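Please read the structure below together with its sequence.

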Amino acid sequence: MDLFEYQGKQYFGRFGIPVSAGGVAETVDEAVAQAEAAGYPVVVKAQVQVGGRGKAGGIKLANDADEVRQHAGNILGMDIKGHRVDRVWVEQASDIDEEYYASFTLDRAAKQHLLMLSAQGGVEIEEVAAKDPDAIVRLHIDPVDGLSRETARQAAVDARIPERAVDGVADILMKLYRCFVDGDCDLAEINPLILKPDGAVHALDAKVSLDGNAAFRHPEWEEYDKTEVLDDREQLAKEHDLQYIGLDGSVGIIANGAGLAMSTLDVVNQVGGEAANFLDIGGGANADVMAAALTVINHDENVRSIFVNIFGGITRGEEVAKGVVEGLRRVELRAPIVIRLDGTNAEEGRQIILDAGIPASKLISKPTMLEAAREAVRIANGGEGGA
Ligand code: GDP
Ligand code: MN
C-alpha cells in the first residue's frame, strides 16, 4: 500500500527522520491554520501519489495567509496526471543548498536489501539512471547483518556527497533503514533529501510503500485504509474480498490458487494473449465467490474473453460448475467464458455445465489448460466465439 507524502512524513517521524514542521489540510481554512502553526514562509503541497507535482503547479511557496488562501484554493481539487487533489500538506519552507536521493527497497533476485543513494536528487531517479548511471550508488545489504554506520558513511562518500553533509546523510540512512525494516516497507524513499545552509540534512519529500503482508503486526496501519487509492476494479474486488490485481490485457483470468493463477497468466502470454488481471478465488469456489469474480472482471472494459482455469483439489468440480452456471445467471457478461475444469469431480462438473444448456457464445469448455488458453486468446484477439 502506497502512502501519501504527509503520511510518509509522519511515518518517518516515528523513526526519528527529520522533516519540516507542517500539517495536512482538506480546506483552504485548514491550510491557513496549518500555515499559522508552522510559521511563514510555508510551502503548500498537493497530496497525490504521483511524482512531478511541482511542474504541474502542485507545489507553491506562500509568504502570508493571503498567499496560502490563493495557492490552497488553486491546488485543492486540481487534477494532476489523473489524480484529484483532496488534501494539501502545508509545511515550513526550507532553504536548500543541495538535493540528494536516498531509498531502500528489497532486491528479490539478490535476496538482499538495496540502498540507492545519489548526490543528484530532486529529479526522478530514473532520469539520473538514464543520463548518468554512475551518479547512483547501489549497495546491497545482507538483512542478517544490517547496515552499519561505517557502511552508510562510505556510501555517502562514494556518492560524492560533500564532506560537510556526510555524517548527516549517514545518520538519516541509518534511520531510514530502520524505518524500512522495522516499519515493514516495500519502499522507503526520500527525494529530495536536502542539505540546508546551516549544514542540517533533512527529508523534504517522503515516498513510502508498506508491505501488506506485514499488516497483521501493524494495527496502526488501519488508518491508511480510509485514504487508500485503488482503481475501480481493485476497489470492487476489495469489497468482494477477492485477491485481485488489475493488469492491462484483454483476457480476464479466474483461477483457484495463486500459483495456478500465475501459471495461467504465463500460458495466456505464451499463446499470444495478454491477461487483464490476476484473480485467485482460493479454495472456496462457490456460486457467491464465482459471481463476485465475474462481476469484477465484467467491470473491466478491456476484457474480451474470460478464462476460468480450475484445478479441483479440495475445491470440487461440481461446486465450481454450479458456481459458473449460477454466476452466469446473475451477471450479464459482456465477454464469453472459456473454462478448463480438471481435478476432483471434473467429470461431474463438465456434465453440470453441459446440462445447463448455455450457448457456446457464452460458455465454452476445453479439456486442457493450453487449449482453453488458445481459445480465450483467439476470442480476445478478435476471433469469433463458440468454435
Ligand atoms: P515531487 O516533485 O512531486 O516529488 O515533489 P517534491 O516534494 O520532491 O518537491 C519538488 C521540488 O520542489 C523539490 O525538489 C524542491 O526543489 C522544491 N521544493 C519543495 N519544497 C521546498 C521548500 O521548502 N523550499 C524550497 N526552496 N524548495 C522546495
Ligand atoms: Mn519528490
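**Reading the model**

Q: Which residues have the most contacts inside the largest nonpolar core?
A: In soluble globular proteins, nonpolar side chains tend to be buried together. Here the largest nonpolar core has 42 residues, and Tyr11, Phe12, Phe104, Leu117, Ile161, Val169 and Leu173 have the most contacts inside it. Helix H6 (residues 163-182) gives the most to this core, with 11 residues. Apart from it lies another core, of 31 residues, including Leu242 and Ala335. A nonpolar core is a set of buried Ala, Val, Leu, Ile, Met, Phe, Trp, Tyr and Cys residues joined through side-chain atoms within 4.5 Å. Buried means under 20% relative accessible area, exposed over 50%, and partly exposed in between (1.4 Å probe, protein chains only). Helices (H or I, at least four residues) and strands (E, at least two) are DSSP runs, numbered from the N terminus.

Q: On what kind of model does this rest?
A: The model is predicted: local features need pLDDT of at least 70, side-chain atom pairs count only at pLDDT 80 or more, and totals for chains, interfaces and linings use all residues. Side-chain values use heavy atoms, without hydrogens and water, residues are numbered from 1 along each chain as its sequence is written, and chains are lettered from A and ligands numbered from 1 in the order in which they are written.

Q: Which way do the residues of strand E14 point?
A: In a regular strand the side chains alternate between the two faces of the sheet. In E14, Val251, Ile253 and Ala255 point one way and Gly252 and Ile254 the other. Because 5 of the 5 residues of E14 (residues 251-255) are buried, this strand is largely enclosed by the rest of the structure. Strand E16 (residues 305-312) runs parallel to E14, joined by 5 bridges (strands pair if DSSP finds at least two bridges between them).
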